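Q: I am new to this structure and would like to learn how to read it. Could we go through a few features together?

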Amino acid sequence: MYEREKDLVEAFVRGRMSRRGLLRGLAALGVTAATADLLINRATTQALAQDFDWKRHSGSGVKLLLNKHPYTDAMIANLDSFKALTGMEVAYDVFPEDVYFDKVTAALASRSSEYDAFMTGAYMTWTYGPAGWCSDLAEWIQDPEKTAPGYAWDDVLPGLRASTAWSGRPGDTLGGEGAKQWCIPWGFELNNLSYNRAMFDQAGVTPPENMDQLVETAAKLNRDVEGAYGIGVRGSRSWATIHPGFLSAYANFGQKDLNVSSDGQLSAAMNTAESKAFHAQWVQMIRDSGPRNWSTYTWYQVGSDLGAGASAMIFDADILGFFMNGGDNAQAGNLGYAPFAANPSAEAPTPNVWIWSLAMSAFSRNPDAAWYFLQWASGAEHALMGAREKDFVNPVRQSVWSDAAFRSRMETSYPGYVNQYEVSAPGAQIYFTPQPLFFDLTTEWAAALQEMVAGQVGVDEGLDRLADSVNRQLSEAGLG
Amino acid sequence: MAATAEMDSLARRRSRIGTRALPYLLSLPALLVCIGVLIPFFTAVYYSLQRYRLSQPWAREMNWGETYWQLLTDPSFWNTLQVSLSYTVLTVGLQLVLGLGIALLLQKRTRLNNFVSILLLLPLMTAPALAALMWKLMTDPNFGILSYFVSLIGIEDFRWASSPDTALLTVVLVDTWVYTPFIMILLLAGLRSLPRQPFEAAALDGVPRSFVFLRITLPMLTPYILTAALFRLLESIQQFDIIYAMTQGGPGDTLMVFQVEAYLNFFQSTNVGRSAALLLILWAITFAISNLFIKNWLRLRERTHEEV
Amino acid sequence: MEHTSTAERILRGIAIGAVVLFFIFPIFWILLMSFQTNETILRNPPSIAFVPTISNYVALLTGRLETAAGTLDISFMQNLKNSVILSVSSVAVALLLGVPAAYAFARHRFRGSEDIAFTLLSFRFAPPLLIVLPLALYFQDVGLADTYIGLIWVYQLICLPLILWIVRGYFEDIPADVEYAYRIAGHSWFATFRKIALPLAGPGIAAAGLLAFIFAWNNFVFALVLGSADKQPVTVGALAFVTASGIQFGQIAAAIVLSIAPTLALAIYAQRYLVEGLSLGAVKG
């Protein structure tokens, strides 16, 4: 290898230069794109390969079950470097999110050994872990034989490490005593406001700073902006309706989903007076300024409406607003971001987080090889490449957030994004109580919300009924 | 000679044994395949008698029918039953009326009528899940053609399947679109096979047509109507495809019919015991109806055979 | 009925027109949508004047899909192929098993025959999830997960009873004397079955086979629960597709058109058999 090429490539590997910059530099030296890729892969491989036998599972293969997502795209685009590094083969099935988790459940419930590793959220491992479907990864992380010295597990944000670990005892704190690492954080999202700057200017409003303002601003936007409604939030009959904006605002008022008694018994906590007041406001906001067929709204509709200019703002995942500011979206480049604390007396936002994670199937025939894939995919090198060039945000590693190239990319194209993140990151965590009935109870919560919005039941009565039903299910399951 | 006669009778006896075993041999493979089905059925019974959640393997234990008791005292079960029954009654009722009406319209064997009856086969041949998707596209509030039509007659903001007030109506409409042709075909075949004499006699006597319809056509057609109704009843109470593809049981619990509820119980709550109990209750209902149907249908067959 | 008045004929015409409109319009409209881009689909008020494009079909055939979240490789063609494999093999297996059994039930009143036949038919009406959900828990253990064979076996739940009962009816209609005469002429049982019974029941077998094919093609729930990623038929594939492609409505419409085209074509081509089959061989006008 010639010296100048080598210097360039090493600068890239050490993170001082973006892939695009490197390719440009190499092109100037007369290196073709194909050769350049080869050089980069080789250099990355060499950097990673120091002091660790990456080739131990050379020739074996892993199969992945993946959700259709930009993270997946970024990983697949970079797969060649994993293959070059390890000499392993990778196969995968990708499903859209609506059917994805049913597929995971079906594969794991049947103890299928087809998949070695899969994407999951932290909530799902509250089912998968106790059911014995995924492995405690601490075993691998702590084994220097199996984990490269450069993996730097401590570099992963501490809140996320804790949120993906649980003892399996209903009601126990995440990451607390006896917690097992059911999955590895991969990318995550916290919930704040993403808004259309042009529409905000047109209506003469600024990003709202508490719940009252949010309801007012949404209503004003709904009136003043032609062809767009005020605020997009999810509403389908699914747990996914509860966990983004809704729970983030709810938690900001100090409200909880469940109470845990000293002897570990669970009971419903959503029918307090504060909770009822909050629900009433939320329901009012959707009725006044939400999308017309709100009750069918999932991540996809909330996002595409913002991207198409059909909604003025969303209270949902920050990265949803991030994705909609690029690609071929009509409003690409027009979006802004703001942190949001619903409670006027709260000091900071309390966004509930969703963590896309990687887990290892307990039925994998070759767990050590699967772990090679997991540590590469959740490693710093891939995270850095994805954050600089692909849509692999929000990164879960501190080193990536400190990376100058990543920060400058965000500052230039996504105004307010890094600020939104930094203001709310300290309060960002999972605000649900971990327990195995998570999906039953949150789905029912969403159904109750739908009934309230449709006016089938009053807010107070609806919440009392919900609490009764939650308590009854907890007791049937022997949890409360 | 004697030897050959003996051999002959031996061969005949052997062939008689063969003949006796033959029907069993012929139906055995089909039977085996179906017995394979009995295994999951019995495991379902077993699961339904347990507290069995995949997410709490340690809590799995026999609870001997407690799951059923929990279901029967749970308001959401009664909601499921009520939704399933309303769906069934509405779809079957609507389709019978429409199917009979269309069959009467097309009764005469003209070229146009035959052509129309072929056209009407098309919805029936469309997969119900895909039919639901088609209607989902047509009822989209932003660009759906039906939403546009409805707005033309002055109803703005009609929300179809996404509002609890109209969700049931919308899925009933899709079901009607798919299955009315089935009833139509059966009744048309029935109408066309009715003997002519009573009608000719009535025409000669100048009996009013409403009287002919109520006193001759309808009674003679009753076995056909009953068969068609029972058949649709069986399918309708088990509806899954259309509702799942359209709303997954929402909004709220508006469309939580048996099979959708059982599916969600299994996959989202991983509550195997409850899911199995729900399905067994549904099975008990369908078993009763299917007994009625099969007996009725056999009688109908026999009757048409006697007439032939 | 000879003396129908003009007014009545007009009313009848209008009624028939309305019926045709209601039942055919959705198919027609989806077909139109499949040749449009989002731009023309989203026009308000809707209009049927547009420049047709085949880009939606091209996207499906090549498997490259432009979506809100970037390009997506989607194996819709694989779904179509799976539908063909599953439906054709299921019907073939069901015919192979079902026709001899139907003959046995029609010709020989053996002990328990009615009970067995009754049980078989009642399976047709059991809630499919009752069978399929428990299966999902141990499909892997019996080695059927991720195979076509496993699904084909489950598809027998729909195909077999259908074929059994329709074909049995047709066999019963064949006068036994014809077969006796042939056997007395010295032919074997099998030859009689093959040369006499099968051809005479031919239309019934065709009707049952076609109907079974269409029901298998249209099935949704079996593969939804038991099918692995690469074995999904179009019914499940199209649903997954809707969420995946987000807002590309023309592509959704094109996928629907491709998915229903085979059964609709069959329906038109073989309508006589279908009508016979649908009336379950009960009534032959």
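Q: How many residues of domain 1 of chain A are in contact with domain 2 of chain A?
A: Two residues are in contact if their C-beta atoms, placed from the backbone, lie within 7 Å. Here 29 residues of domain 1 of chain A touch 28 residues of domain 2 of chain A. This is a predicted model, where local features need pLDDT of at least 70 and side-chain atom pairs count only at pLDDT 80 or more, while totals for chains, interfaces and linings use all residues. Residues are numbered from 1 along each chain as its sequence is written, and chains are lettered from A and ligands numbered from 1 in the order in which they are written.

Q: Which helices supply the domain 1 side in chain A?
A: Helices (H or I, at least four residues) and strands (E, at least two) are DSSP runs, numbered from the N terminus. In chain A, helix H7 (122–131), helix H9 (158–163) and helix H20 (417–424) each give at least two residues to the side of domain 1 that touches domain 2.

Q: What classes of residue make up that side of domain 1 of chain A?
A: Ala, Val, Leu, Ile, Met, Phe, Trp, Tyr, Cys and Pro count as nonpolar, Asp, Glu, Lys and Arg as charged, and the others, Gly among them, as polar. The side of domain 1 of chain A that touches domain 2 of chain A has 16 nonpolar, 8 polar and 5 charged residues.

Q: How many residues of chain A are in contact with chain B?
A: Contacts link 25 residues of chain A with 23 residues of chain B. Helix H6 (97–109), H7 and helix H21 (438–453) of chain A each supply at least two residues of the chain A side. The largest share, 6 residues, comes from H21(A). By class, this side of chain A divides into 8 nonpolar, 11 polar and 6 charged residues.

Q: Which secondary structure does chain B have, and how many helices and strands?
A: Chain B comes to 13 helices and 2 strands. Along its principal axes, the C-alpha trace of chain B spans about 95 × 75 × 35 Å.

Q: Where does H7(C) bend?
A: The bend at a residue is the angle between axes fitted to the seven residues ending there and the seven starting there. H7(C) bends by about 45° at Gln156(C).

Q: How many residues of H7(C) are buried?
A: A residue is buried if 20 or more other C-beta atoms, placed from the backbone, lie within 10 Å of its own. In H7(C) 21 of the 26 residues are buried, so this helix is largely enclosed by the rest of the structure.

How values were computed
A residue is buried if 20 or more other C-beta atoms lie within 10 Å of its own, exposed if 12 or fewer, and partly exposed in between; C-beta atoms are placed from the backbone.
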